[in-house]
Amino acid sequence: MVWTQEQRDKWRQNNREREKEQQNQYNKTPTRKKTNTISNWKKGGLEEHGYTYDEVYEYYLETTHCEVCNKDLSTTQKCMDHCHTDGCFRWVLCKSCNSKDSWMKKI
Ligand SMILES: [Zn+2]
């Protein structure tokens, strides 16, 4: 079969879309998400102190409620809190606790 230019263009177009979709699917896989999340933590200054990034990530996934105000984290943004002095992981917080630092008063 000999394709016309039009058919060829169409095929290329379809293929490009499929490729894009596969890329999107890949970005949504748990492995990919984990890699992205951990690399963000590293960029944010989180360091490994007696635990591995893997362990922290497991903990992060398992935490369903803010460790300070007990807010359901499925309804708000989940934040990782770490010490900005030594890069130590502290806890998983909701967005408002993370930004307000209100948990400090509770210690
Ligand atoms: Zn909170």
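The legends below describe a predicted model.

**Figure 1. Overall fold of the predicted chain.** The chain contains four helices and two strands, arranged along the sequence in the pattern α-α-α-β-β-α. Its C-alpha trace spans about 75 × 30 × 20 Å along the principal axes. The radius of gyration is 21 Å, whereas a compact globule of 107 residues would have a value near 13 Å. Buried residues account for 11% of the 107 residues. Of the contacts with a separation of 6 or more, 42% join residues 24 or more positions apart.

**Figure 2. Confidence along the chain.** The mean pLDDT of the chain is 89, and 93% of the residues reach 70 or more.

Figure 3. Helix H2 comprises 15 residues and reaches 21 Å from its first C-alpha to its last, close to the 21 Å expected at 1.5 Å a residue. The helix is hardly covered, since the count of buried residues among its 15 residues is zero. Thr 37 lies in H2, which covers residues 30-44. Why does Thr 37 count as partly exposed? Thr 37 has 17 C-beta neighbours inside 10 Å and is therefore classed as partly exposed, a class that lies between the limits of 12 or fewer for exposed and 20 or more for buried. The C-alpha atoms of Thr 37 and His 82 are 14 Å apart in space, and the two residues are 45 residues apart in sequence.

**Figure 4. The hairpin of S1 and S2.** Strand S1 (residues 78-82) pairs with strand S2 (residues 89-94) in the antiparallel sense, over five bridges. Within this pairing, Cys 79 stands opposite Leu 93 in S2. Six residues lie between the strands of the hairpin, in which Gly 87 adopts a positive phi near 75°.

Figure 5. Glu 67 is located in the loop between H3 and S1. Leaving aside residues up to four places away in sequence, Glu 67 touches Trp 91, Val 92 and Leu 93. For Glu 67 and Leu 93, the C-alpha to C-alpha distance is 5.8 Å, although the two are 26 residues apart in sequence. Is Glu 67 buried or partly exposed? Glu 67 is partly exposed, because 16 other C-beta atoms lie within 10 Å, whereas a buried residue requires 20 or more.

**Figure 6. The largest nonpolar core.** This core has 11 residues, including Leu 46, Val 56, Tyr 60, Met 80, Phe 89 and Cys 97. H3 and S2 are the elements that give two or more residues to the core. S2 gives the most, with four residues. Val 92 and Leu 93, both members of the core, are also among the residues touched by Glu 67. Another core member, Val 56, touches Tyr 51 and Phe 89, not counting residues up to four places away in sequence.

Conventions: Residues numbered from 1 in each chain as written. Predicted model: local features only at pLDDT ≥ 70, side-chain atom pairs only at ≥ 80, totals over all residues. Pairing = 2+ DSSP bridges. pLDDT = per-residue confidence, 0-100. Rg over C-alpha atoms; globule rule 2.2 N^0.38 Å. Contact = placed C-beta atoms within 7 Å. Core = buried A, V, L, I, M, F, W, Y, C linked by C-beta atoms within 7 Å. Expected span 1.5 Å × (residues − 1).
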